[in-house]
Amino acid sequence: MKRIFIIVFILTMVFMPSVSMLAQTDHDGIEVSMSGMVLSIVGGNVHIVSANGEVMEVFNLTGTKVASIRIDSDDKTFALNLPKGCYLVKVGKIVRKISVQ
């Protein structure tokens, strides 16, 4: 199952370069999607605005879900207490790669 996820992920990244047009990236690590949701990641903290009712999922690079948090307000900050490494954070249609040091 993990192999299939990795293959699909790689193929998606190679053959769908237009996916990055779904969000605009600022140099400060802030993304604004077309729906108005703002996702910013600074260090081990994730700040989310306008995502009430969404679910934030965190995956390691092998595709294993390491955290799943329901967002219950319009302005929320989460501290991710994860071991060092790279992770994928998904909220709605926004997916960001983060590095925990």
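The legends below describe close-up views of a predicted model. Residues are numbered from 1 along each chain as its sequence is written, and side-chain values use heavy atoms, with hydrogens and water left out.

**View 1. Strand E8 pairs with strands E5 and E9.** Strands are DSSP runs of E with at least two residues, helices runs of H or I with at least four, both numbered from the N terminus, and two strands pair if DSSP finds at least two bridges between them. Strand E5 (residues 55-60) runs antiparallel to E8 (residues 85-91) and is joined to it by 5 bridges, with Val58 opposite Val89 in E8.

**View 2. E8 and E9 form a hairpin.** Strand E9 (residues 94-100) is antiparallel to E8 over 7 bridges, and Leu88 stands opposite Lys97 in E9. There are 2 residues between the two strands, and Gly92 in the turn has a positive phi of about 65°.

**View 3. Lys65 and Glu57 meet in a salt bridge.** Their side chains lie 3.0 Å apart, N to O, where a salt bridge requires a side-chain nitrogen of Lys or Arg within 4 Å of a carboxyl oxygen of Asp or Glu. Glu57 counts as buried at 17% relative accessibility, whereas Lys65 is partly exposed at 45% (buried is under 20% relative accessible area, exposed over 50%, partly exposed in between, with a 1.4 Å probe and protein chains only).

**View 4. Lys76 and Asp72 meet in a salt bridge.** The N to O distance is 3.2 Å; Lys76 is partly exposed at 25%, and Asp72 is exposed at 54%.

Note on methods
This is a predicted model: local features need pLDDT of at least 70, side-chain atom pairs count only at pLDDT 80 or more; totals for chains, interfaces and linings use all residues.
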